[in-house]
Amino acid sequence: MSFASDLKVLYHLTLSPIRGKTHAERLESFYGAQAGAYDDFRKRLLKGRQELFESLEIPQGGVWMDFGAGTGSNAEWFGPRLNQLGKGYLVDLSGSLLGVAKQRIAERGWTNLETLEADATTVSVPEGQIDLATFSYSLTMIPDWFAAIDRAYELLKPGGQIGIVDFYVSRKYPREGAARHGWFTRNFWPTWFGSDNVFPNADHLPYLERKFELVSLVEAKAKVPYMPFFRVPIYRFVGRKRA
Ligand SMILES: C[S@@+](CC[C@H](N)C(=O)[O-])C[C@H]1O[C@@H](n2cnc3c(N)ncnc32)[C@H](O)[C@@H]1O
């Protein structure tokens with residue numbers, strides 16, 4: 001970690017304009033120049049990934065798909081359990097981030113993992129179905145996030161697991177027992193992240209809870225680098241496709 005590499009990332013997060021006519025072009029415009037510095041900064045910004053991945057059951061010989069996998073760093077959280085997988089697909093639309101993922105796969109010698117440059121809303125796999133679907137901080141960046149959840153649902157076998165960690169805000173009147181955020185939180189974070197095309201949403205959790213059988217849910221607030229007085233809401237959802 002160096003302040004110089006942080007400055008580069010902060011420039012792309014705050015000042016550099018995002019250009020492009022398609023979603024893939026806009027992602028590349030955002031990530032292209034910061035791919036090399038991505039992991040270090042995101043380790044401090046994207047909290048809860050380790051907890052999520054360590055809590056997931058790895059299907060013995062099964063197929064895992066990480067939707068919006070970026071640099072593939074989530075595979076690290078599985079540790080030696082990664083060997084239990086038959087196959088893992090790291091899906092992303094950003095060629096630059098997948099380049100880092102490919103390098104990681106080669107360096108670690110992970111023969112059961114491969115990258116797939118594809119849209120999470122339409123991706124498919126040769127096996128036809130998957131056993132485990134994960135999204136870490138990708139749903140908020142996928143414009144048609146309903147379609148991405150629906151795609152994961154279609155690909156999952158009955159009984160298959162889905163694990164998601166992301167930023168969010170609550171509805172003004174969430175269901176009983178759920179976290180309720182005040183006006184500032186509900187309005188500040190979507191505006192703040194919106195300039196980077198990251199959209200914390202009040203409907204992620206209600207949609208996930210409707211679609212999947214709940215295994216576990218944690219709603220929390222996380223620190224943000226260089227914003228000492230702020231905490232951003234995050235959730236970790238683990239669900240199962242009903243058999
Ligand atoms: C904030 S990054 C998170 C990356 C990684 N999951 C992590 O935890 O570090 C969001 C990722 O979603 C990817 N993404 C956004 N829209 C996508 C889409 N429609 N299909 C596939 N990937 C997408 C971006 O390219 C980016 O890599």
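1. Does N197 count as buried, exposed or partly exposed? N197 counts as partly exposed, because it has 16 C-beta neighbours inside 10 Å, a number that falls between the 20 or more required for a buried residue and the 12 or fewer of an exposed one. The model under discussion is a predicted one. N197 belongs to the loop that links α8 (183–194) with α9 (204–211). The backbone of N197 deserves attention as well: its phi is near 60°, a positive value in a residue other than glycine.

2. The loop between α8 and α9 also holds S195. S195 is exposed, because 12 other C-beta atoms lie within 10 Å and a residue with 12 or fewer is classed in this way.

3. A second residue with a positive phi that is not glycine is Y137, where the angle is near 55°. Most residues other than glycine have a negative phi. Y137 is located in the loop between β4 (130–136) and α7 (145–155). Y137 is buried, because 20 other C-beta atoms lie within 10 Å and 20 is enough for that class.

4. The surroundings of the ligand may be considered next. The ligand is surrounded by 23 residues, and the closest are G68, G70, A120, S136 and S138. Sorted by class, this shell contains ten nonpolar, nine polar and four charged residues. Two of the contributing elements are α2 (23–31) and β2 (87–92), each of which provides at least two residues of the shell.

5. Strand β2 is mostly covered, with five of its six residues buried. On one hand, β2 pairs with strand β1 (residues 63–67) in the parallel sense, over five bridges; in this pairing, M65 stands opposite Y89 of β2. On the other hand, β2 is joined by five bridges to strand β3 (residues 113–117), and these two strands also run parallel. Within β3, L116 is the bridge partner of V91, and T115 is the bridge partner of L90.

6. What kind of unit do β2, α6 and β3 make? Together they form a β-α-β unit that is right-handed.

7. The helix of this unit, α6 (residues 95–108), has 14 residues and should span 20 Å at 1.5 Å a residue.

8. Which residues of α6 are buried? The buried positions are L97, L98, V100, A101 and I105. Viewed down the axis of α6, the buried residues fall within an arc of 150°, and therefore they line one face of the helix. The other side of α6 carries exposed residues, namely Q103, A106 and E107.

9. The residue that follows α6 is G109. The phi of G109 is positive, near 70°.

Note on methods: Residues are numbered from 1 along each chain as its sequence is written. This is a predicted model: local features need pLDDT of at least 70, side-chain atom pairs count only at pLDDT 80 or more; totals for chains, interfaces and linings use all residues. A residue is near a molecule or strand if its C-beta atom, placed from the backbone, lies within 6 Å of it. Helices (H or I, at least four residues) and strands (E, at least two) are DSSP runs, numbered from the N terminus. Ala, Val, Leu, Ile, Met, Phe, Trp, Tyr, Cys and Pro count as nonpolar, Asp, Glu, Lys and Arg as charged, and the others, Gly among them, as polar. The expected span of a helix is 1.5 Å times one less than its number of residues. The arc is that of the directions from the helix axis to the C-beta atoms. Two strands pair if DSSP finds at least two bridges between them. A crossover is right-handed if, with the strands pointing away from the viewer, the path from the first strand over the helix to the second runs clockwise.
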